[in-house]
Amino acid sequence: MATTTFPRQLIVTVDGSTNIANVTRAIRMLRGVTDIKSAPRKPCLYDPETGEYLNDKTMKAIEDVRSGKDKGTTYESFEEFKKAMLAL
């Protein structure tokens, strides 16, 4: 009786400075690898002070303002801004 095996996926994440072609070539050499696909790069912003990237919700807000979907919030003065922030 033959057993059926289903393909399994392994997701590999590499930093932006890595040469993807070299990593792909090395993975192809592994036994059992049938397919390799690269995911499209999502835009992201890096905060050098914390060493972290902005989360998806923040990136969506930035993209919405850039594309004109969201006009954002503007204030007439710093005092108006301060009052709004203290009300949060």
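**Aromatic rings and a pocket**

Phe 78 is exposed, at 56% relative accessible area. Keep in mind that this is a predicted model.

Phe 78 has a ring partner. Phe 78 and Phe 81 make a tilted aromatic pair, with 6.1 Å from centre to centre and 45° between the planes. How many residues apart are they in helix α3? They are 3 apart, in a helix that runs over residues 78-86, so about one helical turn separates them.

Now the whole structure. A search finds 2 aromatic pairs. In one of them, the ring centres of Tyr 75 and Phe 81 are 5.4 Å apart and the planes meet at 70°, so this pair is edge-to-face. Tyr 75 is partly exposed, at 32% relative accessibility. Phe 81 is also partly exposed, because its relative accessible area is 33% and the exposed class starts over 50%.

Next, the largest pocket. Its volume is about 1600 Å³. The lining has 37 residues. Which of them lie nearest the centre? Those are Ile 11, Val 12, Lys 37, Ser 38 and Ala 39. Two helices contribute: α1 (20-28) and α2 (56-67) each give at least two lining residues. By class, the lining splits into 19 nonpolar, 8 polar and 10 charged residues.

Last, Thr 5. Thr 5 sits in the segment before α1. Buried or exposed? Thr 5 is exposed, with 66% relative accessible area. From Thr 5 to Arg 25 is 20 residues along the chain, and their C-alpha atoms are 25 Å apart.

Key
Residues are numbered from 1 along each chain as its sequence is written. This is a predicted model: local features need pLDDT of at least 70, side-chain atom pairs count only at pLDDT 80 or more; totals for chains, interfaces and linings use all residues. Side-chain values use heavy atoms; hydrogens and water are left out. On a 1 Å grid over the protein atoms alone, a cavity is a set of points where a 1.4 Å probe fits but cannot get out, and a pocket is an open set with protein on both sides within 12 Å along at least five of seven lines; lining residues have an atom within 4 Å of a point. Grid points are joined across faces, edges and corners, and a volume is the space filled by probe spheres set on the points. Helices (H or I, at least four residues) and strands (E, at least two) are DSSP runs, numbered from the N terminus. Ala, Val, Leu, Ile, Met, Phe, Trp, Tyr, Cys and Pro count as nonpolar, Asp, Glu, Lys and Arg as charged, and the others, Gly among them, as polar. Buried means under 20% relative accessible area, exposed over 50%, partly exposed in between (1.4 Å probe, protein chains only). Rings of Phe, Tyr and Trp (its six-membered ring) pair if their centres lie within 6.5 Å; planes under 30 degrees apart count as stacked, over 60 as edge-to-face and the rest as tilted.
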